[in-house]
Amino acid sequence: MQGMSVIVKKIAQLMSGLIFVYGVYIITHGHLTPGGGFAGGALVAGAFILLILANGSEYIKLKRQEEGSSVVESTAVLLVLVLATTGLVAGSLVFFNNFLPTGIPGRLISAGVIPLYNIFIGMEVAAALITIFLALVIYKEEISK
Amino acid sequence: MEVMLSIIICFMIIAAIVAIHARDLLSAIIAQGFVGYGLVICFLILKAPDLAIVQIVVETITLIIMVAVVLDSSRLELNVSFDRRKGGTTAVTFIFIIVLLVYFNRAISGLSKFGEHTLRMSEAYVTDAASQTGSLNLVTGILWDFRGYDTLGEATVLFTAAIGVLTILRLTGKK
């Protein structure tokens with residue numbers, strides 16, 4: 001995949017950081033404001049997809065990236081399951097039990113395990129979308145050789 | 001509110017029909033994007049900002065991927081030969097439409113008015129979710145506390161999609 005012009009590359013470099021930070025904000029404030037793991041993860045993935053589209057496929061080492069995002073995705077799903085099973089063990093035998101203290105509603109650190117679930121599912125969604133996009137890009141590179 | 005919704009949904013239906021019948025695949029994708037962004041405005045009117053954020057981001061990423069695919073392959077639709085006996089299929093289609101409309105009318109006649117549904121289960125969620133889960137965003141509180149299994153299923157669907165894409169596309173690369 002070819003990169004685009006210098007203007008597009010520069011704007012993409014400037015904007016992708018902002019989009020990434022906004023995605024992280026949506027994930028970490030998921031229990032306070034609208035949004036959550038799914039929306040923030042999709043935003044984080046969009047920041048990376050913007051960089052890859054603007055700079056072309058020679059910009060990053062693509063094969064290593066795809067393996068890394070695949071590993072991150074699987075690990076995040078596993079962490080969600082481990083957290084849910086921990087709720088089963090700790091406290092009253094309920095899967096997805098909220099076993100941490102809930103704290104004061106409205107603070108950033110509150111609501112027990114819900115922010116942790118949001119962070120892990122954000123990692124999973126971002127890594128899954130990046131993996132799908134990178135798989136398509138790498139496939140196209142390979143068949144065009 | 002209902003008038004706005006009806007207008008947007010009518011435009012979405014027209015755009016969907018255009019997307020089916022367009023000869024140029026790029027205009028078909030743009031018409032399909034009209035459907036997605038119209039859905040975003042519907043969510044915003046119905047006061048569901050969580051869904052609107054997810055829908056607008058996912059719609060943008062999907063449009064980017066599909067535009068890249070179309071620009072890379074051909075822009076014209078392949079010539080698909082239709083069945084010649086058009087009279088019979090049209091008659092069958094109209095009969096099915098009439099039957100479906102009759103039963104749809106009978107099904108929705110027992111429902112309450114738009115926006116005035118009876119709250120039984122959801123009323124307990126709305127009143128107790130903030131105090132029980134400690135999460136001010138009720139949607140996230142319900143998703144990760146009362147409905148944890150559903151959310152785990154959604155995450156598994158996305159995980160399975162990624163694994164499927166890797167299995168189909170990356171078999172040659174991993175030799």
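In helix α3 of chain B, the residues D50(B), A52(B), I53(B), Q55(B), V57(B), E59(B), I61(B), L63(B) and V70(B) are buried. The structure is a predicted model. Part of the cover over these buried residues comes from another chain: it includes α1, α2 and α4 of chain A, together with α2 (25-45) and α6 (138-146) of chain B.

**Helix α3 of chain B**
- Helix α3(B) runs over residues 49-72 and has 24 residues.
- From its first C-alpha to its last, α3(B) reaches 35 Å, which is close to the 34 Å expected at 1.5 Å a residue.
- An α-helix has 3.6 residues a turn, so residues three or four places apart point the same way.

**Chain A as a whole**
- Chain A holds four helices and zero strands, and along the sequence its pattern reads α-α-α-α.
- The C-alpha trace of chain A spans about 60 × 30 × 15 Å along its principal axes.
- Of the 145 residues in chain A, 45% are buried.
- Among contacts in chain A with a separation of 6 or more, 68% are between residues 24 or more positions apart.

**Helices α1 and α2 of chain A**
- Two packed helices are described by the angle between their axes and the distance between the axes.
- In chain A, the axes of α1 (residues 6-28) and α2 (residues 37-55) come within 8 Å and cross at roughly 165 degrees.
- Angles over 145 degrees count as roughly antiparallel, and α1(A) is therefore roughly antiparallel to α2(A).
- The crossing in which α1(A) passes α2(A) is left-handed.
- Sorted by class, the residues in the contact of α1(A) with α2(A) are 17 nonpolar, seven polar and one charged.
- S16(A) lies in helix α1 of chain A.
- S16(A) has a relative accessible area of 9% and is therefore buried, since buried means under 20%.
- Neighbours within four places in sequence aside, S16(A) is in contact with A47(A), L50(A) and L51(A).

**Helices α1 and α2 of chain B**
- Helix α1 of chain B (residues 2-21) packs with α2(B) at an angle of about 160 degrees, and their axes are 8 Å apart.
- This angle makes α1(B) roughly antiparallel to α2(B).
- Here the crossing of α1(B) and α2(B) is left-handed.
- Residues of α1(B) that meet α2(B) include M4(B), L5(B), I8(B) and F11(B), while those on the α2(B) side include A28(B), F34(B), V35(B) and I45(B).
- By class, the contact of α1(B) with α2(B) has 18 nonpolar, two polar and no charged residues.

**Two loop residues**
- G106(A) lies in the loop between α3 (62-89) and α4 (114-144) of chain A.
- With a relative accessible area of 39%, G106(A) is partly exposed.
- Residues up to four places away in sequence not counted, G106(A) touches L32(A) and L136(B).
- G106(A) and L134(A) are 28 residues apart along the chain, and their C-alpha atoms are separated by 38 Å.
- K47(B) is found in the loop between α2 and α3 of chain B.
- K47(B) counts as exposed because its relative accessibility is 71%, and exposed means over 50%.
- Most residues other than glycine have a negative phi.
- K47(B) is not a glycine, yet its phi is positive, at about 60 degrees.

Terms used:
Residues are numbered from 1 along each chain as its sequence is written. Chains are lettered from A and ligands numbered from 1 in the order in which they are written. This is a predicted model: local features need pLDDT of at least 70, side-chain atom pairs count only at pLDDT 80 or more; totals for chains, interfaces and linings use all residues. Side-chain values use heavy atoms; hydrogens and water are left out. Axes are lines fitted to C-alpha atoms, for helices over the stretch in contact, and angles run from 0 to 180 degrees between N-to-C directions. Angles under 35 degrees count as roughly parallel, over 145 as roughly antiparallel, 65 to 115 as roughly perpendicular and the rest as oblique. A crossing is left-handed if the near helix is turned anticlockwise from the far one by less than a right angle, and right-handed if clockwise. Ala, Val, Leu, Ile, Met, Phe, Trp, Tyr, Cys and Pro count as nonpolar, Asp, Glu, Lys and Arg as charged, and the others, Gly among them, as polar. Buried means under 20% relative accessible area, exposed over 50%, partly exposed in between (1.4 Å probe, protein chains only). Contact means heavy atoms within 4.5 Å. The expected span of a helix is 1.5 Å times one less than its number of residues.
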